[in-house]
Amino acid sequence: MRPTRVVVALGGNALEDKSMPSTAEAQLEVVKRTSEYIADISLAGYEIAVVHGNGPQVGRILLATEAAKDVTPPMPFDVCGAMSQGYIGYHIQQALKFALKKRGKNIPVATVITQVVVDKDDEAFNNPTKPIGPFYTEEEAKKLAEEKGYVVKEDAGRGYRRVVPSPLPKKIVEIDTIKTLWDTTIAVTCGGGGIPVIEKEDGSLEGVAAVIDKDLAAQRLAEDMDADILLILTEVEKVAINFNKPDQKSLDHMSVEEALKYMEEGHFAPGSMLPKVKAAVNFAKSKPGRKAIITSLYKAKEALDGISGTVIEM
Ligand SMILES: Nc1ncnc2c1ncn2[C@@H]1O[C@H](COP(=O)(O)OP(=O)(O)O)[C@@H](O)[C@H]1O
Ligand SMILES: NC(=O)OP(=O)(O)O
């Protein structure tokens, strides 16, 4: 029997600690901590690939390149996405390799700079929803909207952020490379949801200004790799209904049918929990036996052991 295949999607708290400065050095410290949890999953015998977010990081790269426009030409949006995959992947490679080594496991870890095809007519291009970069006050946000033409939105009660289009992931361009690597290597792939590209009539690809949701890209990857489990790691141990209300109730399990009903009732915030539940539902119903788990990074191993997290299955 082949080992259980798990696609791990890492949320923002796996890369950043809000109490630390938003520097590359601080990110590496957090990634070292995160890698201990991922290495434990690998040590337990699961075959894994790692997907990560990039909202704060790609936003900061864009700000830096805009701010430096008088000294060097600004980088296009898709290139900023590629840069975010590169430096986050580098940190994961370094930290995860070491965490595995400490556990006596000599497994290669490699980042695949990944392009993901989106539909050029995706309606997301007319309705930006994906928050990127830092948080702003309402006043700062209004000023940025006026001066730079940013679209800004309130982000789940946490402040204002720039939002960009987030089209659906259709096809992972480098999937054959990921399949080739799978048996020998932990691939860090589809970072930041993948660099969004559109297919042109002549078959060539062109990068576009957008950020794909990494949980939906992880779902695409999990299906393409015939994974058994999509493990979505975030800040909360379990998904809740009536979230942040006096009658909040954490869930150990949701059938696909229940999840769809809760979605319709508005229990999951758009831009945070909703895409995770959508990705989980899509994966769970894509083939019998597949399941998704949403839990915190710190409970990841326990969730795989069946004693934590919210399981979503048919
Ligand atoms: N129904 C819900 N149950 C649990 N958490 C929820 C719910 N609705 C919104 N959330 C919020 O969603 C957050 C996860 O989304 P987000 O921080 O955007 O993800 P990521 O970990 O990928 O960066 C949780 O930490 C929680 O604050
Ligand atoms: N690309 C993406 O989904 O990033 P975040 O998880 O940081 O929002």
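**The core and its surroundings**

Mentor: Start with Leu-230. Leaving aside residues up to four places away in sequence, Leu-230 touches Val-7, Ala-218, Gln-219, Ala-222, Ala-279, Ala-280, Phe-283 and Ala-292. Keep in mind that this is a predicted model.

Now widen the view. The largest nonpolar core has 81 residues. Leu-230 is among those with the most contacts inside it, together with Val-7, Val-8, Val-51, Leu-231 and Ala-280. Helix α3, residues 77-102, supplies the largest share of this core, 10 residues. Domain 1 (1-117 + 170-227) and domain 2 (228-313) each give at least three residues.

Next, the ligand. Both domains contribute residues to the shell around ligand 1, so ligand 1 lies between domain 1 and domain 2. The ligand is surrounded by 15 residues. The closest are Gly-11, Gly-12, Thr-234, Ser-272 and Met-273. By type, the shell splits into seven nonpolar, seven polar and one charged.

Last, a contrasting site: Glu-123. This residue sits in the loop between β4 (115-117) and β5 (130-136). Is Glu-123 buried or exposed? Glu-123 counts as exposed, because it has 10 C-beta neighbours inside 10 Å, and the cut-off for exposed is 12 or fewer. Glu-123 also has a partner to check in the chain. Ser-166 is 43 residues apart from Glu-123 along the chain, yet their C-alpha atoms are separated by 9.2 Å.

Conventions: Residues are numbered from 1 along each chain as its sequence is written. Chains are lettered from A and ligands numbered from 1 in the order in which they are written. This is a predicted model: local features need pLDDT of at least 70, side-chain atom pairs count only at pLDDT 80 or more; totals for chains, interfaces and linings use all residues. A residue is near a molecule or strand if its C-beta atom, placed from the backbone, lies within 6 Å of it. Ala, Val, Leu, Ile, Met, Phe, Trp, Tyr, Cys and Pro count as nonpolar, Asp, Glu, Lys and Arg as charged, and the others, Gly among them, as polar. Domain bounds come from an automatic or database domain assignment. Helices (H or I, at least four residues) and strands (E, at least two) are DSSP runs, numbered from the N terminus. A residue is buried if 20 or more other C-beta atoms lie within 10 Å of its own, exposed if 12 or fewer, and partly exposed in between; C-beta atoms are placed from the backbone. A nonpolar core is a set of buried Ala, Val, Leu, Ile, Met, Phe, Trp, Tyr and Cys residues joined through C-beta atoms within 7 Å. Two residues are in contact if their C-beta atoms, placed from the backbone, lie within 7 Å.
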